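Please look over the sequence and the structure below before reading on. The briefing that follows takes a few local features and then turns to the chain as a whole.

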Amino acid sequence: MKTTLLNITRPCRIPAPPMDQFNYALQAVGDQTMHMVIAFEDQIDEKRLRAAAAAVLADIPVLASRFVECDAPYWECLPGPDYDTLVRIHYSTDPDRDLPTILTIPVDPAAGPQICIHLIRTKSNDTICITVHHAAMDARGLLACTRMLAGHYRNADCTNPPLAETTDRSLNAVLSQFPESVHICDPPAPEDPPAGWGFPAGPGGGSTHDFVVRTLPASSLDAIKRVGKLQEATVNDVLLAAYFMALCTTIRPPPDRKVPIMVSIDLRRYLNDSPPLSLKDTICNQSVAFAVHMKPVLQSREEMIACARDAMLEHMTHNPGIASAIDLESFGYTGFTRICERVQTMKSTYDTRHANPPFLGNIGIIPEEVVAFSQNLPVTNAFVIGIVIDPPGVALGVTTFRDRLTLSIGYGSPAIKHAAMEQFMDTLVSYLPVA
């Protein structure tokens, strides 16, 4: 049965703000697709899922569009895509084993649409992987997109028209909170990381991608919270400390110079709740990263947590991420050539210095309503898999669902071996507090 698109008036073109343009250009340094993975106890209704996917594209015009490169790039609505291809079925006897292969299937933003749903089916249950491109949305946008998909699945017979989705994808609402932006003291990250500050990588490049994923028991998060509370540190501080210790153990940088870790931040934190349309749930890009510098001297876990806490506090007093947002917005809608030049400069610097600052993206808690497809379809686990940075880059993604942390790293091989990344994940987990 052919799924038809709802007949909704929609714009043919949506201007792509600098944030979209930058995330599109970052394809030069890694795979910019992200994935929402949900494991169910039972099998999902395939026909209903396809209809829900079509409804989401009707609600969110950018998802049914392609990115058009030009002086002022824009999102162009596709004339008539095959909406049945939005859901692809993969039969499996071991979803955990087969998931990494599914994660390597990219979304092409220049062709569109910007979303694809992979259904990994066994004889008794399903796992879905919602793959989107970072040019269209960030991780918070992916959660909002998943919530919308689940809502359409639950209410398949609902005839109420969807809420209009704003086509303003800019950072105007965020930056308007900072009229004195010239006084912001948190500068954008430098583009010249210390030589050698990257994950150990051999020859062969990173054209093939692979992933390591670990879901920890709830007792691990309890231990992290307990230790963090004793040191007035957040869960993110404790994760940053363990990540940094694992990186220093693996890379062994010289101890005489501070090194950066790029930490993502959702700029929606600066929005108030006054807009009639909840901008906090808008499916767009509202996240940036800032550099946290720490000295690579291996200390006790408690000392390293204190270092991470203090480094983060230093940034938190200066509205972290806003300076980076202002920097990006300065390119304007017609600065795509200059954005691409900046990305190429970054790539050249990373290649020349054999370095790429490690990245930490702690997306936080996945609310139950995001994965509530049906009362008759219990969820066993849910997590987000983030972008893949070319070697020697490495990106750690963290999500929490029902008090269980899931850690994930995508990486490029054969330059980085699977065994090496598995060992790194073991080292990282070993630096986390235990119950």
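In this predicted model, Asn319 sits in the loop between helices α8 and α9. Although Asn319 is not a glycine, its phi is positive, at about 50°, and with a relative accessibility of 28% the residue counts as partly exposed. The points below begin with a second residue of that loop and then move on to other parts of the chain.

**The loop between α8 and α9**
- Thr317 also lies in the loop that runs between α8, residues 301–316, and α9, residues 322–329.
- Thr317 counts as exposed because its relative accessibility is 58%, which is above the cut-off of 50% for that class.
- The side chain of Thr317 reaches back to the backbone oxygen of Glu314, at a distance of 2.9 Å.

**Another positive phi**
- Arg402, which is not a glycine either, has a positive phi of about 50°, and its place is in the loop between β15 (395–401) and β16.
- The relative accessibility of Arg402 is 41%, so this residue counts as partly exposed.

**Cis peptide bonds**
- Gly112 and Pro113 are joined by a cis peptide bond with an omega of about -10°, and Pro113 belongs to the loop between α3 (95–103) and β7 (115–121).
- Ser413 and Pro414 are likewise joined by a cis peptide bond, here with an omega of about 10°, and Pro414 is found in the loop between β16 (404–413) and α11 (418–430).

**Cysteines**
- How many disulfides does the model contain? The count comes to 0, where a disulfide would require two cysteine sulfur atoms within 2.5 Å.
- For Cys129, the nearest cysteine sulfur is that of Cys116, which is 8.7 Å away, and Cys129 is in no disulfide.
- Cys129 is buried, with a relative accessible area of 0%, whereas Cys307, at 30% relative accessibility, counts as partly exposed.

**The pair of helices α6 and α7**
- Two packed helices are described by the angle between their axes and by the distance between those axes.
- The axes of α6 (residues 218–230) and α7 (residues 235–251) come within 9 Å and cross at roughly 100°, and this angle makes α6 roughly perpendicular to α7.
- On the α6 side the contact is made by Leu221, Ile224, Lys225 and Gly228, while on the α7 side it is made by Val235, Val238 and Leu239.
- Sorted by kind, the residues of this contact are 5 nonpolar, 1 polar and 1 charged.

**The enclosed helix α1**
- Is helix α1, residues 18–25, largely enclosed or largely open? Since 8 of its 8 residues are buried, α1 is largely enclosed by the rest of the structure.
- The buried residues of α1 are Pro18, Met19, Asp20, Gln21, Phe22, Asn23, Tyr24 and Ala25.
- These buried residues pack against the strands β4 (65–68), β5 (74–77), β8 (126–133) and β11 (287–294), and also against the helices α9 and α10 (336–353).

**The chain as a whole**
- The chain has 11 helices and 16 strands, and buried residues make up 54% of its 435 residues.

How values were computed:
Residues are numbered from 1 along each chain as its sequence is written. This is a predicted model: local features need pLDDT of at least 70, side-chain atom pairs count only at pLDDT 80 or more; totals for chains, interfaces and linings use all residues. Side-chain values use heavy atoms; hydrogens and water are left out. Buried means under 20% relative accessible area, exposed over 50%, partly exposed in between (1.4 Å probe, protein chains only). Axes are lines fitted to C-alpha atoms, for helices over the stretch in contact, and angles run from 0 to 180 degrees between N-to-C directions. Helices (H or I, at least four residues) and strands (E, at least two) are DSSP runs, numbered from the N terminus. Angles under 35 degrees count as roughly parallel, over 145 as roughly antiparallel, 65 to 115 as roughly perpendicular and the rest as oblique. Contact means heavy atoms within 4.5 Å. Ala, Val, Leu, Ile, Met, Phe, Trp, Tyr, Cys and Pro count as nonpolar, Asp, Glu, Lys and Arg as charged, and the others, Gly among them, as polar. A polar contact is a pair of N or O atoms within 3.5 Å; within protein, one must be able to donate a hydrogen and the other to accept it, and residues adjacent in sequence count only if both atoms are side-chain atoms.
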